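I opened the notebook to record what I looked up, beginning with the surface and ending with contacts across the chain.

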Amino acid sequence: MSEIQKLKSNRRGLMVVLSSPSGAGKTTLTRKLLAAHDDMSMSVSATTRKPRPGEVDGHDYYFVTKDKFSEMIEGEDFLEHAKVFDNYYGTPRAPVEEALMDGRDVIFDIDWQGAQQLEQAAVEDLVKIFILPPNMRALESRLRTRAQDSDDVIAKRMSKSEAEISHWSEYDYIIVNEDIETAMAELQSIVQAERMKRRRQSWLGPFIKALVEGG
Ligand code: 5GP
């Protein structure tokens, strides 16, 4: 690693919020982003909803009881929390603060309510990205292919999608996910540009001092 690369790694991490209606491809994009960057991690939310088949506790979510969730609210263990559908979801505070201090970016798969609350808690660190499907048919067919939810739940999620989409203008960036590779390239360029913002490159002060002094 060169001296410059070493200095550059001394940065504060980004908080990257990815929101979308269910089925817009957010999970795939998140997975790809994490695979491409070893200095990124995922914020694992706590939820009172039941695990879906294949979901792993501590990886997809921390699955907790309503009582435990209330305890966590009281202990101020959450950066934000919200009720979505009939369940509660919250972002645990400690792992996020640790990652940012270490110069690692954190990705948040949370809805518009969470994004608004994070904005109040940490506006300087936040990058808000909204992912849209190319059309509503694509959304429904992705929900059905996933085949993890009953017709009932799918109908409910579809009706919630419009409400979720109505918050698009609160986001910094919008990606229309028609083609996953294109959407991924767009996502990568957003992250790259946000990392390059002057105020996020905290190593520049000493570097420029040394530069003009001929170091
Ligand atoms: P799902 O039950 O499909 O995993 O998630 C339902 C919704 O809850 C999604 O829109 C997801 O973005 C949102 N969500 C997941 N975790 C959190 C969280 O920690 N906080 C908030 N506010 N929303 C969350």
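Predicted model: local features only at pLDDT ≥ 70, side-chain atom pairs only at ≥ 80, totals over all residues.

Entry 1. I then looked up Ile-174, which is found in strand 9, residues 173-176. Its relative accessibility is 34%, so Ile-174 counts as partly exposed. Together with Trp-168 and Val-176, Ile-174 makes a nonpolar surface patch of about 280 Å². Patch members need over 30% relative accessible area, and Ile-174 has 34%.

**Entry 2. Negative patch.** Which residues form the negative surface patch? I found Asp-67, Glu-71, Glu-74, Glu-76 and Asp-77. I placed Asp-77 in the loop between helix 3 (66-74) and strand 5 (78-84). The relative accessible area of Asp-77 is 35%, so I logged Asp-77 as partly exposed.

Entry 3. I went through helix 4, residues 93-101, and found Val-96, Ala-99 and Leu-100 buried. Why do I put them on the same side of helix 4? Because they cover an arc of only 95° around the axis. The general rule is that an α-helix has 3.6 residues a turn, so residues three or four places apart point the same way. On the other side of helix 4 I found Ala-94, Glu-98 and Met-101, which are exposed.

Entry 4. How many salt bridges does a search of the whole structure find? The search gave me 19. I took up a few of them.

I started with Lys-6 and Glu-3, whose side chains meet at 3.3 Å, N to O. Both residues lie in helix 1 (residues 3-8), 3 residues apart, which is about one turn of the helix. Lys-6 has a relative accessible area of 43% and is partly exposed. Glu-3 has 56% and is exposed.

Next I checked Arg-144 and Asp-151, whose side chains meet in a salt bridge at 3.1 Å, N to O. Is Asp-151 buried or exposed? Asp-151 counts as exposed, at 54% relative accessibility. Arg-144 counts as partly exposed, at 39%.

**Entry 5. A salt bridge between distant parts.** I then looked up Asp-39 and Arg-11, which form a salt bridge with their closest N and O atoms 3.4 Å apart. This pair links distant parts of the chain, the two residues being 28 residues apart. Asp-39 sits in the loop between helix 2 (26-36) and strand 2 (40-42). Arg-11 sits in the loop between helix 1 and strand 1 (15-19). I noted Asp-39 as partly exposed, with a relative accessible area of 24%. Arg-11 has 12% relative accessibility, so Arg-11 counts as buried. Which residues are linked with them in a network of salt bridges? I listed Asp-105 and Arg-195 alongside Arg-11 and Asp-39.

**Entry 6. Gly-54.** Last, I looked up Gly-54, which is found in the loop between strand 3 (46-47) and strand 4 (62-63). Its relative accessible area is 71%, and Gly-54 is exposed. How far apart are Gly-54 and Gln-148 in sequence and in space? I recorded 94 residues in sequence and 9.6 Å in space, C-alpha to C-alpha.

Key
Residues numbered from 1 in each chain as written. Heavy atoms only, no water. Patch = residues over 30% accessible without salt bridge, like charges linked within 9 Å, V, L, I, M, F, W, Y side chains within 5 Å. Areas by Shrake-Rupley, 256 points an atom, 1.4 Å probe, with all protein chains shown as cover. Salt bridge = Lys/Arg side-chain N within 4 Å of Asp/Glu carboxyl O. Lys, Arg positive; Asp, Glu negative; His and termini not counted. Charge placed at Lys NZ, Arg CZ, Asp CG, Glu CD. Helix = DSSP H or I, 4+ residues; strand = E, 2+ residues; numbered from the N terminus. Buried < 20%, exposed > 50% of the residue type's maximum accessible area, 1.4 Å probe, protein only. Arc of directions from axis to C-beta.
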